[in-house]
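Please keep the sequence and the 3D view open while reading.

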Amino acid sequence: MADGGGPGEAAAARPSPAPVPGLNPTLGWRERLRAGLAGTRASVWFVAGLGLLYALRIPLRLCENLAAGTSSLISGLIFVFEWWYFHKHGTSFIEQVSVSHLQPLMGGTESSISEPGSPSRNRESETSRQNLSECKVWRNPLNLFRGAEYRRYTWVTGKEPLTYYDMNLSAQDHQTFFTCDTDFLRPSDTVMQKAWRERNPPARIKAAYQALELNNDCATAYVLLAEEEATTIVDAEKLFKQALKAGETIYRQSQQCQHQSPQHEAQLRRDTNVLVYIKRRLAMCARKLGRIREAVKIMRDLMKEFPPLTMLNIHENLLESLLELQAYADVQAVLAKYDDISLPKSAAICYTAALLKTRTVSEKFSPETASRRGLSTAEINAVEAIHRAVEFNPHVPKYLLEMKSLILPPEHILKRGDSEAIAYAFFHLQHWKRIEGALNLLQCTWEGTFRMIPHPLEKGHLFYPYPSCTEMADRELLPTFHHVSVYPKKELPLFIHFTAGFCSSTAMIAILTHQFPEIMGIFAKAVLGLWRPQPWASSGFEENTQDLKSEDLGLSSG
């Protein structure tokens, strides 16, 4: 599942297409046809249903039924739309319309309007700011290469692993990192400024070559070609090395002129970003090609040389490489520095800390033995670490336990969301598998987290309440063929169940009444007869009453 797509594959160095998670390049035409049909199963069923309705239009007299049961048809369409809207957006359309539009008309406007300086207005603004910070999207520190990995996945599967929203965020990042106000001073930088804004990949690549014609030492042009044109990691590494040579030269020139004007300071910041980006990607190339110690050295040097750039989360790249080396003492040292209460958390930090504590007890752990004698201190620490990690991101265990299929991670992630879980499990599943019993301990204990936080949207245990906006943001970041994981699991509202039953029964009664009017008429009379109260004044009862009255009169006369 995820092992085939891990970062340490030496196969990426070969020019042949790299293995794609979940697919075998040696499949025959039958297997490929079956895999293609699996992705279009919903469309096939829809077409089959339309064909069946067309074939049965005459026996069932569908045209007459539709003319007679228009209200039932409309009710059914409303129900289908409501069901689709709920599965896509996670909320009821009718309920949302009622709350948003009908409630103000029914007297809810006065309570919703408040003065600008009132406490309620201040609480609303604080809540909105908190929701905005909770849904902040971060650059994936382990993002793949577009040309050498994402595009090759598209060649094999025919699916686009990146969404437009994700690529648009990357374009904004590139403009922030690789451009500045002094680009007009160098013609090559002016061309690259337009290239980063271009949406079409061939147009961006063409602009990069134009920049190299103007200046053979344009580092950002080599970066763009390495990211998007190179089809193998080896080719990308060669281009990044050319970019490094050009970037170091420009960086030294900017250092000498940084105090001349504010524009030169901005240019130095831009050249610093370019140099750090190039070195980081070179470290990732070395990691993917199996030169892990070289990758670790580059990452450590970067963290020492540019300590202010901690927002790039280079330590997460370092953690993954150290885990591949099985240098668990060095991993613990990195965690001791970055797993601090004052620093932002991530799934990589929380689950790596849980993995290290699990490693000390997982080999001899047995649920039967633990239930009989109780948990030891080390086992309690491991379980608490797992609960802490699961509370931070509850989506990860399903991917680590292979209960949910993995896809290629996006270029941006939402912390505590499904996108972050995919990015973590894609690279770290192999590390959990390497430690014997780690996944077994995770499987036995991870669901116990939810008993400690019965209402995760209202109150957390070790972290803030789980943000309610993750589902919508993950749907924008992840491709449509992926089933987004939702937490906490939403149940269908009672209104949808009632609408489903009401619309289905109404449509069925309308069709049966039009098809078999006599039988349905008898059935309706019988049902109404059961509901109608039975009168006691029947003909037989009247005759018996008259006989009794005559007897009474005869007895009285005698």
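Which residues in H11 are buried? In this predicted model, the buried residues of H11 are Ala219, Thr220, Ala221, Tyr222, Val223, Leu224, Leu225, Ala226, Glu227 and Glu228. Because 10 of the 10 residues of H11 are buried, this helix is largely enclosed by the rest of the structure. The cover over the buried residues of H11 includes H7, H8, helix H9 (187-197), H10, H12 and H13.

One of these covering helices, H7, can be described in turn. Helix H7 spans residues 146-157, and within it Arg146, Gly147, Ala148, Tyr150, Arg152, Tyr153 and Thr154 are buried.

After H7 comes Gly158, a residue with a positive phi, near 75°.

For the protein as a whole, the model contains 27 helices and 2 strands, and of its 558 residues 41% are buried. Where contacts between residues at least 6 apart in sequence are considered, 70% of them join residues at least 24 apart. The accessible surface comes to about 32100 Å², and carbon and sulfur atoms account for 60% of that area.

In soluble globular proteins, nonpolar side chains tend to be buried together. Here the largest nonpolar core has 98 residues, of which Met192, Phe240, Ile278, Tyr351, Leu400 and Trp432 touch the most other members. Helix H13 gives the most to this core, with 10 residues. Apart from this core lies another one, of 8 residues, among them Leu142, Leu144, Tyr150 and Leu408; Tyr150 is also one of the buried residues of H7. Leaving aside residues up to four places away in sequence, Leu400 touches Tyr351, Tyr424, Ala425, Leu429, Trp432, Leu439 and Leu442, and of these partners Tyr351 and Trp432 are named, like Leu400 itself, among the residues of the largest core that touch the most other members.

Helix H13 (residues 262-288) also holds Arg280. How far away is the nearest side chain of opposite charge to Arg280? That side chain belongs to Glu316 and is 7.0 Å away, and Arg280 is buried yet has no salt bridge, the cut-off for a salt bridge being 4 Å. With residues up to four places away in sequence set aside, Arg280 touches Pro141, Leu302, Leu312, Asn313, Ile314 and Asn317.

His387 lies in helix H19 (residues 377-392) and, because its relative accessibility is 14%, counts as buried. Its contacts, not counting residues up to four places away in sequence, are Thr445, Gly448, Thr449 and Met452. His387 and His461 are 74 residues apart in sequence, and their C-alpha atoms are 9.7 Å apart in space.

Finally, the surface. Met508, Leu512, Phe516 and Ile519 make a nonpolar surface patch of about 380 Å². Met508 is located in helix H25 (residues 494-515), and its relative accessibility of 48% is why this residue counts as partly exposed.

Conventions. Residues are numbered from 1 along each chain as its sequence is written. This is a predicted model: local features need pLDDT of at least 70, side-chain atom pairs count only at pLDDT 80 or more; totals for chains, interfaces and linings use all residues. Side-chain values use heavy atoms; hydrogens and water are left out. Helices (H or I, at least four residues) and strands (E, at least two) are DSSP runs, numbered from the N terminus. Buried means under 20% relative accessible area, exposed over 50%, partly exposed in between (1.4 Å probe, protein chains only). Lys and Arg count as positive and Asp and Glu as negative; His and the chain ends are not counted. Contact means heavy atoms within 4.5 Å. Accessible areas come from the Shrake-Rupley method with a 1.4 Å probe; for residues, only the protein chains shown count as cover. Patches are made of residues with over 30% relative accessible area and no salt bridge: like charges are joined within 9 Å, nonpolar side chains (Val, Leu, Ile, Met, Phe, Trp, Tyr) within 5 Å. A nonpolar core is a set of buried Ala, Val, Leu, Ile, Met, Phe, Trp, Tyr and Cys residues joined through side-chain atoms within 4.5 Å.
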